[in-house]
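Please read the account below alongside the sequence and the coordinates.

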Amino acid sequence: MDMLVDILSTMLAQFQKPTLAFLMGGMVLAALGSKLEVPAPVYKFIVLLLLLKVGLGAGISVREANLVELAVPALGAAAIGVIIVLLGMRTIARWRGVSPMDGMATAGLFGAVSASTLAAGMVMLDGEGIAYEGFIGALYPFMDIAALVTAIVLARLSEQRQTANVPAQAGAGTMTMGGGGGGAPGGGFDTGLVKEILVDTFRSPAISALVLGLALGIFARPDAVYQSFYEPLFRGLLSILMLIMGMEAWSRLAELRKVAHAYILYGIAAPIVHGLIGFAVGVGIHHMTGFSAGGVVLLAVMAASSSDISGPPTLRGALPKANPSAYVGTSTGLGTPVAILSIPLFMALADAVIGF
């Protein structure tokens with residue numbers, strides 16, 4: 001009973017912090033019909049700075065980190081991304097009324113990572129004075145790429161199997177996606193497809209900015225510009241980003257009316273379930289390597305989040321038959337707000353299970 005009270009009190013206290021307050025403020029403005037707008041170039045610039053900040057901070061820490069200490073959480077992050085997609089394949093992708101392609105795209109987006117949600121988690125921990133590993137941002141691409149690659153490959157293999165199982169009718173050919181379409185009927189593992197997806201993912205603006213920041217942090221000496229420019233701007237820019245995301249989240253809710261109710265249930269439940277999976281893996285890593293309680297929280301936050309930057313364009317390009325209003329609407333309209341609002345829950349759980 002005391003643990004439940006602690007969790008509820010922690011969540012109530014966090015709702016008053018700027019990160020969540022700006023998110024909910026944006027939703028309220030949108031609900032009231034406000035005409036407030038942040039120009040798209042400004043939004044992209046904010047995202048770029050936030051990703052560079054996360055990457056630089058991670059790279060600076062990785063430069064001095066023990067590779068073994070980094071390797072285990074990185075493998076854990078990649079495993080979480082794959083597990084989330086496989087779980088989605090068994091749930092949302094098999095829900096009656098949901099096409100397997102749409103379901104796998106949704107699972108891939110939820111398995112990937114939202115940099116803004118991760119940043120929100122970092123700000124909350126910083127505000128409470130809770131320490132976490134400096135290389136935590138470096139785990140982002142491991143989970144992100146693992147989830148997106150797994151979802152896209154499984155979706156395409158499923159489509160190939162369905163195409164192979166449908167007999168040709170009245171001489172009408174079945175449309176396939178890759179032009180070549182000459183794969184084995186069993187849908188063998190397409191290494192060329194995996195390579196293409198990896199290249200596209202690394203070329204996406206979000207991953208490019210994050211990897212660039214990570215590389216500069218490791219191989220250059222950006223400490224001075226990081227401390228004088230990126231660090232002071234970070235919280236202010238994040239508050240604006242949360243305001244934008246709140247307004248967009250409210251506007252995206254209308255899109256869910258066009259798709260099956262399954263997306264609504266998935267969008268609400270998945271962040272909590274995925275976050276608990278990430279939390280469990282983080283606790284295991286904690287016992288193996290001494291991974292900090294703050295690190296466990298952020299690993300859970302990454303697992304709970306759904307990609308709002310790198311995922312949509314990657315999925316739109318790789319799975320053109322998937323309905324963006326389904327996976328983007330579910331992610332932005334429900335997944336991201338639920339993930340951010342669940343951060344205090346993971347903080348309270350970490351405090352109860354491990355202790356700060």
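Does lysine 53 count as buried or exposed? Lysine 53 counts as buried because its relative accessibility is 8%, where buried means under 20% relative accessible area, exposed over 50% and partly exposed in between (1.4 Å probe, protein chains only). This is a predicted model, in which local features need pLDDT of at least 70 and side-chain atom pairs count only at pLDDT 80 or more, while totals for chains, interfaces and linings use all residues. Residues are numbered from 1 along each chain as its sequence is written, and side-chain values use heavy atoms, with hydrogens and water left out.

Lysine 53 sits in helix H3, residues 40–63. Helices are DSSP runs (H or I, at least four residues), numbered from the N terminus. Setting aside residues up to four places away in sequence, lysine 53 touches Tyr226, Tyr230, Glu231 and Phe234; contact means heavy atoms within 4.5 Å. With the side chain of tyrosine 226, the lysine 53 side chain makes a polar contact at 3.4 Å. Such a contact is a pair of N or O atoms within 3.5 Å; within protein, one must be able to donate a hydrogen and the other to accept it, and residues adjacent in sequence count only if both atoms are side-chain atoms.

The salt bridges come next. A salt bridge is a side-chain nitrogen of Lys or Arg within 4 Å of a carboxyl oxygen of Asp or Glu, and by this rule the count is two. One joins the side chains of glutamate 231 and lysine 53 at 3.5 Å, N to O. This pair links distant parts of the chain, with glutamate 231 in helix H10 and lysine 53 in helix H3, 178 residues apart. Glutamate 231 counts as partly exposed because its relative accessibility is 21%.

In the other bridge, the side chains of arginine 63 and aspartate 223 meet at 3.2 Å, N to O. Arginine 63 lies in helix H3 and aspartate 223 in helix H10, so the pair ties together parts that are 160 residues apart in sequence. Arginine 63 is partly exposed at 22% relative accessibility, and aspartate 223 is partly exposed at 28%.

Helix H10 (residues 223–252) also holds valine 225, which is partly exposed at 40% relative accessibility. Val225, Phe229 and Leu233 form a nonpolar surface patch with about 220 Å² of accessible area together. Patch members have over 30% relative accessible area and no salt bridge; like charges are joined within 9 Å, and nonpolar side chains (Val, Leu, Ile, Met, Phe, Trp, Tyr) within 5 Å. Accessible areas come from the Shrake-Rupley method with a 1.4 Å probe, and for residues only the protein chains shown count as cover.

Key
Helices (H or I, at least four residues) and strands (E, at least two) are DSSP runs, numbered from the N terminus.
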